[in-house]
Amino acid sequence: MGSLIGHVIPGFGFFLIGIWHLLNHIKLHALHPKSYTSLLWFPAPKSRYAELFFIMGGTLASISMELFIGPSKHQPLDSDGTIPSYHLHNFEHANISLTFFVYAVFSIIFDKINIPSTTAKYGLTQFLAIVAFGQELLLFHLHSTDHTGLEGQYHWLLQIVIFACLATTLLSIPFPKSFLNSFVRSYSIMFQGIWMMVIGIMLWTPDFIPKGCFLNYEDGHKVVRCHNNEALERAKSLVNIQFSWYLVGITVFTVSLYLVLVKIFQENVEYLSLINKFEDEDFEDVEAQKRKLGSQGEPKMFLEMGKQENN
(Lines give C-alpha, C1' and ligand atoms only; values in the text may rest on other atoms or scores of the structure.)
Protein backbone atom coordinates (compact mmCIF):
# COMPACT_ATOMS: atom_id res chain seq x y z
CA MET A 1 0.00 0.00 0.00
CA GLY A 2 2.99 2.32 0.40
CA SER A 3 2.70 3.74 -3.11
CA LEU A 4 0.44 5.83 -5.31
CA ILE A 5 -1.42 2.83 -6.78
CA GLY A 6 -1.52 1.11 -3.38
CA HIS A 7 -3.54 4.02 -1.98
CA VAL A 8 -5.57 5.13 -5.01
CA ILE A 9 -7.10 1.75 -5.92
CA PRO A 10 -8.29 0.80 -2.38
CA GLY A 11 -9.39 4.40 -1.87
CA PHE A 12 -11.50 4.30 -5.02
CA GLY A 13 -13.10 1.09 -3.75
CA PHE A 14 -14.07 2.74 -0.45
CA PHE A 15 -15.40 5.74 -2.37
CA LEU A 16 -17.65 3.56 -4.56
CA ILE A 17 -19.03 1.68 -1.54
CA GLY A 18 -19.63 4.96 0.31
CA ILE A 19 -21.49 6.69 -2.54
CA TRP A 20 -23.49 3.49 -3.22
CA HIS A 21 -24.59 3.36 0.43
CA LEU A 22 -25.38 7.08 0.47
CA LEU A 23 -27.65 6.86 -2.58
CA ASN A 24 -29.48 3.81 -1.26
CA HIS A 25 -29.97 5.17 2.26
CA ILE A 26 -31.40 8.42 0.90
CA LYS A 27 -33.74 6.52 -1.44
CA LEU A 28 -34.85 4.10 1.28
CA HIS A 29 -35.55 6.90 3.75
CA ALA A 30 -37.36 9.05 1.17
CA LEU A 31 -39.64 6.20 0.12
CA HIS A 32 -40.23 4.79 3.62
CA PRO A 33 -39.60 7.58 6.16
CA LYS A 34 -41.74 5.97 8.89
CA SER A 35 -40.57 2.39 8.52
CA TYR A 36 -36.92 3.12 7.58
CA THR A 37 -34.35 0.67 8.94
CA SER A 38 -30.63 0.93 8.28
CA LEU A 39 -28.97 -1.72 6.10
CA LEU A 40 -25.27 -2.51 6.04
CA TRP A 41 -25.23 -3.63 2.40
CA PHE A 42 -27.68 -3.21 -0.47
CA PRO A 43 -28.74 -5.67 -3.20
CA ALA A 44 -27.95 -4.52 -6.73
CA PRO A 45 -30.60 -4.65 -9.51
CA LYS A 46 -29.07 -7.52 -11.53
CA SER A 47 -27.05 -9.27 -8.82
CA ARG A 48 -28.18 -9.35 -5.22
CA TYR A 49 -24.64 -9.76 -3.86
CA ALA A 50 -22.80 -7.48 -6.30
CA GLU A 51 -21.62 -5.17 -3.52
CA LEU A 52 -20.30 -8.05 -1.41
CA PHE A 53 -18.68 -9.72 -4.44
CA PHE A 54 -17.02 -6.39 -5.21
CA ILE A 55 -15.59 -6.27 -1.67
CA MET A 56 -14.41 -9.88 -1.90
CA GLY A 57 -12.74 -9.32 -5.26
CA GLY A 58 -11.07 -6.10 -4.16
CA THR A 59 -9.75 -7.55 -0.92
CA LEU A 60 -8.41 -10.68 -2.62
CA ALA A 61 -6.64 -8.50 -5.18
CA SER A 62 -5.19 -6.39 -2.35
CA ILE A 63 -3.93 -9.45 -0.46
CA SER A 64 -2.36 -10.85 -3.63
CA MET A 65 -0.69 -7.53 -4.40
CA GLU A 66 0.68 -7.15 -0.87
CA LEU A 67 1.99 -10.69 -0.39
CA PHE A 68 2.72 -12.14 -3.82
CA ILE A 69 2.68 -9.64 -6.70
CA GLY A 70 4.32 -6.62 -5.07
CA PRO A 71 7.39 -8.28 -3.42
CA SER A 72 10.37 -8.79 -5.71
CA LYS A 73 10.54 -12.51 -4.80
CA HIS A 74 6.75 -12.80 -5.30
CA GLN A 75 6.43 -14.07 -1.73
CA PRO A 76 6.81 -12.07 1.50
CA LEU A 77 8.94 -14.48 3.59
CA ASP A 78 12.68 -14.57 4.10
CA SER A 79 14.84 -17.57 3.15
CA ASP A 80 14.50 -19.01 6.67
CA GLY A 81 10.69 -18.73 6.59
CA THR A 82 10.44 -15.65 8.81
CA ILE A 83 8.87 -12.29 7.99
CA PRO A 84 11.53 -9.66 7.21
CA SER A 85 11.09 -6.24 8.79
CA TYR A 86 10.58 -4.54 5.41
CA HIS A 87 7.55 -6.77 4.71
CA LEU A 88 5.77 -6.30 8.03
CA HIS A 89 3.62 -3.51 6.59
CA ASN A 90 2.57 -5.83 3.74
CA PHE A 91 1.16 -8.33 6.24
CA GLU A 92 -0.59 -5.53 8.15
CA HIS A 93 -2.29 -4.25 5.00
CA ALA A 94 -3.20 -7.81 3.99
CA ASN A 95 -4.79 -8.42 7.41
CA ILE A 96 -7.00 -5.35 6.94
CA SER A 97 -8.16 -6.71 3.59
CA LEU A 98 -8.65 -10.19 5.07
CA THR A 99 -11.02 -8.84 7.74
CA PHE A 100 -13.19 -7.09 5.14
CA PHE A 101 -13.17 -10.28 3.06
CA VAL A 102 -14.47 -12.25 6.08
CA TYR A 103 -17.20 -9.65 6.58
CA ALA A 104 -18.37 -9.98 2.96
CA VAL A 105 -18.34 -13.79 2.97
CA PHE A 106 -20.33 -14.14 6.18
CA SER A 107 -22.78 -11.43 5.09
CA ILE A 108 -23.68 -13.63 2.12
CA ILE A 109 -23.92 -16.72 4.33
CA PHE A 110 -26.19 -14.94 6.83
CA ASP A 111 -28.44 -13.81 4.00
CA LYS A 112 -28.71 -17.28 2.48
CA ILE A 113 -29.29 -19.43 5.54
CA ASN A 114 -32.47 -19.37 7.60
CA ILE A 115 -31.70 -17.77 10.98
CA PRO A 116 -34.73 -17.72 13.33
CA SER A 117 -33.96 -14.26 14.69
CA THR A 118 -33.74 -11.37 12.23
CA THR A 119 -32.28 -9.23 15.01
CA ALA A 120 -29.45 -11.70 15.51
CA LYS A 121 -28.70 -11.78 11.78
CA TYR A 122 -28.62 -7.98 11.64
CA GLY A 123 -26.51 -7.73 14.78
CA LEU A 124 -23.94 -10.31 13.67
CA THR A 125 -23.52 -8.59 10.30
CA GLN A 126 -22.94 -5.30 12.13
CA PHE A 127 -20.47 -7.07 14.44
CA LEU A 128 -18.40 -8.25 11.46
CA ALA A 129 -18.29 -4.71 10.05
CA ILE A 130 -17.24 -3.38 13.47
CA VAL A 131 -14.40 -5.91 13.62
CA ALA A 132 -13.28 -4.89 10.12
CA PHE A 133 -13.20 -1.15 10.85
CA GLY A 134 -11.68 -1.79 14.29
CA GLN A 135 -8.94 -3.91 12.77
CA GLU A 136 -8.25 -1.22 10.18
CA LEU A 137 -8.01 1.51 12.83
CA LEU A 138 -5.82 -0.60 15.10
CA LEU A 139 -3.32 -1.58 12.41
CA PHE A 140 -3.04 1.95 11.03
CA HIS A 141 -2.49 3.28 14.56
CA LEU A 142 0.12 0.62 15.45
CA HIS A 143 1.69 0.57 11.99
CA SER A 144 5.19 -0.91 11.71
CA THR A 145 6.01 1.67 9.05
CA ASP A 146 7.46 4.83 10.54
CA HIS A 147 4.52 7.13 9.86
CA THR A 148 6.27 10.27 10.98
CA GLY A 149 6.64 13.63 9.34
CA LEU A 150 4.37 14.50 6.43
CA GLU A 151 3.21 10.91 5.82
CA GLY A 152 2.34 10.59 9.50
CA GLN A 153 0.15 13.70 9.34
CA TYR A 154 -1.83 12.30 6.41
CA HIS A 155 -2.32 8.96 8.17
CA TRP A 156 -3.24 10.55 11.51
CA LEU A 157 -6.10 12.39 9.81
CA LEU A 158 -7.05 9.14 8.03
CA GLN A 159 -7.43 7.47 11.44
CA ILE A 160 -10.00 10.12 12.44
CA VAL A 161 -12.14 9.23 9.42
CA ILE A 162 -11.78 5.48 10.10
CA PHE A 163 -12.84 6.09 13.70
CA ALA A 164 -15.98 7.83 12.40
CA CYS A 165 -16.76 4.74 10.29
CA LEU A 166 -16.26 2.52 13.35
CA ALA A 167 -18.32 4.71 15.69
CA THR A 168 -21.31 5.03 13.35
CA THR A 169 -21.28 1.27 12.69
CA LEU A 170 -21.33 0.67 16.45
CA LEU A 171 -24.23 3.10 16.87
CA SER A 172 -26.25 1.34 14.18
CA ILE A 173 -26.79 -1.61 16.55
CA PRO A 174 -28.79 0.31 19.21
CA PHE A 175 -30.19 2.79 16.66
CA PRO A 176 -31.07 0.81 13.52
CA LYS A 177 -33.78 3.29 12.50
CA SER A 178 -31.55 6.38 12.63
CA PHE A 179 -31.18 7.78 9.13
CA LEU A 180 -28.71 10.42 10.31
CA ASN A 181 -26.35 7.75 11.67
CA SER A 182 -26.53 5.83 8.37
CA PHE A 183 -25.97 9.05 6.43
CA VAL A 184 -22.84 9.89 8.46
CA ARG A 185 -21.52 6.34 8.11
CA SER A 186 -21.88 6.45 4.32
CA TYR A 187 -20.32 9.92 4.32
CA SER A 188 -17.38 8.64 6.39
CA ILE A 189 -16.75 5.62 4.16
CA MET A 190 -16.78 7.85 1.09
CA PHE A 191 -14.50 10.39 2.81
CA GLN A 192 -12.09 7.59 3.77
CA GLY A 193 -11.83 6.54 0.15
CA ILE A 194 -11.27 10.07 -1.10
CA TRP A 195 -8.64 10.80 1.55
CA MET A 196 -6.76 7.57 0.75
CA MET A 197 -6.64 8.61 -2.91
CA VAL A 198 -5.41 12.06 -1.86
CA ILE A 199 -2.64 10.45 0.23
CA GLY A 200 -1.45 8.36 -2.70
CA ILE A 201 -1.45 11.27 -5.14
CA MET A 202 0.05 13.90 -2.84
CA LEU A 203 2.81 11.76 -1.29
CA TRP A 204 4.07 9.92 -4.37
CA THR A 205 3.74 12.56 -7.09
CA PRO A 206 6.94 14.64 -7.15
CA ASP A 207 5.17 17.76 -8.45
CA PHE A 208 2.88 17.81 -5.39
CA ILE A 209 5.62 17.52 -2.76
CA PRO A 210 5.60 20.71 -0.58
CA LYS A 211 8.37 23.24 -0.86
CA GLY A 212 11.41 22.27 1.22
CA CYS A 213 10.60 18.53 1.10
CA PHE A 214 11.67 15.71 -1.21
CA LEU A 215 11.10 12.02 -2.00
CA ASN A 216 13.71 9.69 -0.53
CA TYR A 217 14.10 5.93 -1.14
CA GLU A 218 14.19 4.07 2.20
CA ASP A 219 13.60 0.42 3.18
CA GLY A 220 12.28 -0.59 -0.20
CA HIS A 221 9.84 2.29 -0.75
CA LYS A 222 9.78 6.05 -1.22
CA VAL A 223 9.04 8.42 1.67
CA VAL A 224 8.79 12.20 1.95
CA ARG A 225 11.50 13.93 3.97
CA CYS A 226 11.95 17.64 4.64
CA HIS A 227 15.18 19.64 4.79
CA ASN A 228 14.44 21.24 8.16
CA ASN A 229 11.81 21.48 10.86
CA GLU A 230 10.34 24.70 9.47
CA ALA A 231 9.65 23.05 6.10
CA LEU A 232 8.11 20.05 7.89
CA GLU A 233 5.76 22.18 10.00
CA ARG A 234 4.73 24.14 6.92
CA ALA A 235 4.02 20.88 5.06
CA LYS A 236 1.90 19.57 7.98
CA SER A 237 -0.11 22.78 8.06
CA LEU A 238 -0.78 22.44 4.35
CA VAL A 239 -2.10 18.92 4.96
CA ASN A 240 -4.44 20.26 7.67
CA ILE A 241 -5.73 22.97 5.33
CA GLN A 242 -6.18 20.42 2.55
CA PHE A 243 -8.14 18.11 4.87
CA SER A 244 -10.40 21.04 5.83
CA TRP A 245 -11.08 21.82 2.17
CA TYR A 246 -12.05 18.22 1.43
CA LEU A 247 -14.19 18.12 4.58
CA VAL A 248 -16.17 21.17 3.48
CA GLY A 249 -16.36 20.06 -0.15
CA ILE A 250 -17.59 16.54 0.63
CA THR A 251 -20.09 17.89 3.15
CA VAL A 252 -21.55 20.31 0.61
CA PHE A 253 -21.69 17.55 -2.01
CA THR A 254 -23.46 14.99 0.21
CA VAL A 255 -26.00 17.44 1.64
CA SER A 256 -26.77 18.80 -1.84
CA LEU A 257 -27.13 15.24 -3.12
CA TYR A 258 -29.60 14.54 -0.32
CA LEU A 259 -31.72 17.59 -1.16
CA VAL A 260 -31.84 16.70 -4.87
CA LEU A 261 -32.60 13.00 -4.41
CA VAL A 262 -35.22 13.55 -1.72
CA LYS A 263 -37.08 15.92 -4.03
CA ILE A 264 -36.92 13.42 -6.90
CA PHE A 265 -38.04 10.43 -4.83
CA GLN A 266 -40.82 12.36 -3.08
CA GLU A 267 -42.18 13.57 -6.42
CA ASN A 268 -42.23 9.96 -7.63
CA VAL A 269 -44.04 8.86 -4.48
CA GLU A 270 -46.62 11.63 -4.86
CA TYR A 271 -47.10 10.77 -8.54
CA LEU A 272 -47.63 7.08 -7.81
CA SER A 273 -49.98 7.91 -4.95
CA LEU A 274 -51.98 10.19 -7.25
CA ILE A 275 -52.26 7.44 -9.90
CA ASN A 276 -53.41 4.92 -7.30
CA LYS A 277 -55.96 7.42 -5.99
CA PHE A 278 -57.46 8.01 -9.44
CA GLU A 279 -57.51 4.29 -10.15
CA ASP A 280 -59.37 3.64 -6.90
CA GLU A 281 -61.84 6.44 -7.62
CA ASP A 282 -62.46 5.15 -11.16
CA PHE A 283 -63.02 1.65 -9.85
CA GLU A 284 -65.50 2.94 -7.28
CA ASP A 285 -67.34 4.98 -9.96
CA VAL A 286 -67.62 1.94 -12.24
CA GLU A 287 -68.97 -0.21 -9.43
CA ALA A 288 -71.49 2.48 -8.48
CA GLN A 289 -72.65 2.78 -12.09
CA LYS A 290 -73.10 -0.98 -12.34
CA ARG A 291 -75.21 -1.03 -9.22
CA LYS A 292 -77.28 1.92 -10.48
CA LEU A 293 -77.85 0.40 -13.90
CA GLY A 294 -78.80 -2.93 -12.41
CA SER A 295 -81.54 -1.31 -10.33
CA GLN A 296 -82.98 1.45 -12.48
CA GLY A 297 -80.94 1.92 -15.61
CA GLU A 298 -81.03 0.72 -19.22
CA PRO A 299 -80.84 -3.01 -18.55
CA LYS A 300 -84.21 -2.77 -16.74
CA MET A 301 -85.73 -0.91 -19.71
CA PHE A 302 -84.59 -3.63 -22.10
CA LEU A 303 -86.18 -6.27 -19.93
CA GLU A 304 -89.48 -4.39 -19.83
CA MET A 305 -89.43 -3.91 -23.62
CA GLY A 306 -88.87 -7.62 -24.10
CA LYS A 307 -91.87 -8.46 -21.91
CA GLN A 308 -94.10 -6.06 -23.88
CA GLU A 309 -93.11 -7.65 -27.20
CA ASN A 310 -93.89 -11.10 -25.89
CA ASN A 311 -97.32 -9.92 -24.79
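What share of the contacts in the chain with a separation of 6 or more comes from residues 24 or more positions apart? Such residues account for 70% of them, a contact being heavy atoms within 4.5 Å. The model is predicted, so local features need pLDDT of at least 70 and side-chain atom pairs count only at pLDDT 80 or more, while totals for chains, interfaces and linings use all residues. Residues are numbered from 1 along each chain as its sequence is written, and side-chain values use heavy atoms, with hydrogens and water left out.

Eight helices and two strands make up the elements of the chain, in the order α-α-α-α-α-α-β-β-α-α; helices (H or I, at least four residues) and strands (E, at least two) are DSSP runs, numbered from the N terminus. Of the 311 residues, 40% are buried, that is, under 20% relative accessible area with a 1.4 Å probe, protein chains only.

An unreviewed UniProt entry lists several spans as "transmembrane region", including residues 122-142 and 154-175; such annotations may be inferred rather than shown by experiment. In the model, residues 122-142 are 95% helix and 0% strand, with end C-alpha atoms 30 Å apart. Residues 154-175 are 82% helix and 0% strand, and their end C-alpha atoms lie 32 Å apart.

Helix α4 also takes part in the lining of the second largest pocket, giving seven residues, the largest share. A pocket here is an open set of points on a 1 Å grid where a 1.4 Å probe fits, with protein on both sides within 12 Å along at least five of seven lines; lining residues have an atom within 4 Å of a point.

Key: Buried means under 20% relative accessible area, exposed over 50%, partly exposed in between (1.4 Å probe, protein chains only).
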